[in-house]
Amino acid sequence: MPTDKTADTAVFERRESEARSYCRSFPTVFTKASGSVMTDEKGREYIDFLAGCSSLNYGHNDPDMKAALIEHIGNDGIAHGLDMFTVQKAAFLDAFERIVLKPRGLDYKVMMTGPTGTNAVEAAIKLARKVTDRRNIIAFTNAFHGMTMGSLALTGNAGKRGGAGGGSLADVTHMPFENAMGDTDTLEYIEWALDNPSSGIDAPAAFIVEPVQGEGGLNAASKEWLQGIQRIAQKHGALLIIDDIQAGIGRTGTYFSTEEYGLDPDMITQAKSFSGMGLPFAALLIKPEHDIWKPAEHNGTFRGNTHAFVTARVALEKFWADEGFVQDIQRKGDYLRQRLEAMAALVPDATLKGRGMMRGIDVGSGELAGKICAKCFENGLIIETSGAHEEVVKVLAALTIPDEIFTKGLDILEAAMREATGNNQIAAE
């Protein structure tokens with residue numbers, strides 16, 4: 001019989017659904033993790049450039065979050081409170097108001113949704129339709145917003161949409177993201193389509209957009225383009241929803257990915273690293289005038305994870321109350337950009353994608369990107385691909401990763417790129 005430190009690996013094939021995915025790319029059995037290092041049952045260590053797909057922006061098992069959670073459990077703290085009042089929820093909301101909202105001059109209600117990002121997205125589009133009394137939502141090419149039916153309707157990827165099994169993915173119009181049509185001005189096209197009464201496009205309830213498309217290939221929208229989307233939305237009486245599930249909470253260099261873009265979103269989705277420690281926790285930030293829900297009109301059994309309130313509060317107080325944290329993220333983001341620019345020179349026509357600590361390299365093909373990531377895993381680095389054809393090698397290292405581990409991981413990535421491409425020349429400075 002396996003112990004808690006070993007696994008009967010045959011049970012995965014025997015009992016786990018074919019839907020499993022990451023384990024196919026990283027075929028080992030992990031036993032523990034700390035910071036930016038994961039360890040398997042053979043004792044081999046791996047540098048983690050996946051970070052729970054950005055749900056571990058502060059790394060694995062931050063000691064202060066861990067201590068607070070252990071203390072909470074040890075003192076018989078509330079494990080599951082539905083949406084009842086608890087001291088843990090009050091402490092989290094107070095910290096979020098004090099550390100995130102007020103310093104940025106923001107006024108949002110915090111709606112606790114179900115435990116994952118797609119739940120926040122579902123709540124957002126449901127509320128937008130309720131507020132505007134319209135059905136149509138404008139989403140964008142290469143978007144990914146979740147796997148439940150409403151969120152999947154917003155998602156562009158054909159493979160993921162195929163999982164609906166023929167179910168209806170309706171009431172959504174997909175418009176081209178910035179640069180999706182080469183030199184064509186997509187803002188001009190979107191405006192033309194919505195202004196044209198014969199376009200067949202119904203008046204939208206909302207626009208929903210990822211400022212950086214995580215699963216879509218790290219396509220980063222410019223300030224000017226996002227401001228244009230906001231202008232078009234306001235012109236047509238539609239709400240603006242910023243999906244900040246992967247790009248937010250520091251991933252692009254500031255808490256919200258659009259802080260320096262002069263936007264005024266009606267709603268912002270939060271999940272992934274919202275709990276700080278990888279615990280399920282998602283929420284929707286709503287302008288007060290749009291918070292027209294009736295009691296229990298939208299709910300979920302696991303809305304508001306009390307354990308996550310504990311760790312999320314610690315994350316805010318430990319990291320976001322310290323201005324030096326943002327400066328350090330930006331420093332690491334600059335270093336990452338420099339390293340990836342040099343690596344991109346190893347591959348003909350490769351391009352740098354993303355921004356901040358949400359970056360990668362479009363190497364031109366999913367086959368090459370997969371080969372690079374597989375070689376990285378062989379050499380002790382966990383890293384994934386993204387994009388319509390999985391052509392982008394995507395770096396999602398923890399924001400707190402120590403410099404020496406960050407450098408070592410990037411060295412492994414560069415070596416893998418050299419081996420995969422057969423390019424042993426020194427990269428351009």
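The structure, a predicted model, holds one cavity of 30 Å³ or more. On a 1 Å grid over the protein atoms alone, a cavity is a set of points where a 1.4 Å probe fits but cannot get out, and lining residues have an atom within 4 Å of a point. The largest cavity has about 30 Å³ of space, a volume being the space filled by probe spheres set on the points, joined across faces, edges and corners. Among its lining residues are Tyr 58, Phe 274 and Trp 320. By class, eight lining residues are nonpolar, two are polar and none is charged; Ala, Val, Leu, Ile, Met, Phe, Trp, Tyr, Cys and Pro count as nonpolar, Asp, Glu, Lys and Arg as charged, and the others, Gly among them, as polar.

Now to a sheet. Strands S1, S2, S3 and S15 form an open, mixed sheet in that order. Strands (E, at least two residues) and helices (H or I, at least four) are DSSP runs, numbered from the N terminus; two strands pair if DSSP finds at least two bridges between them. S1 and S15 each have a single partner strand, so one side of each is left without a neighbour in the sheet.

| Element | Residues |
|---|---|
| Strand S1 | 30–34 |
| Strand S15 | 381–382 |
| Strand S3 | 45–48 |

S3 and S15 run parallel, joined by two bridges, and Asp 48 stands opposite Ile 382.

Residues are numbered from 1 along each chain as its sequence is written. Local features need pLDDT of at least 70, side-chain atom pairs count only at pLDDT 80 or more, totals for chains, interfaces and linings use all residues, and side-chain values use heavy atoms, without hydrogens and water.

Note on methods: On a 1 Å grid over the protein atoms alone, a cavity is a set of points where a 1.4 Å probe fits but cannot get out, and a pocket is an open set with protein on both sides within 12 Å along at least five of seven lines; lining residues have an atom within 4 Å of a point.
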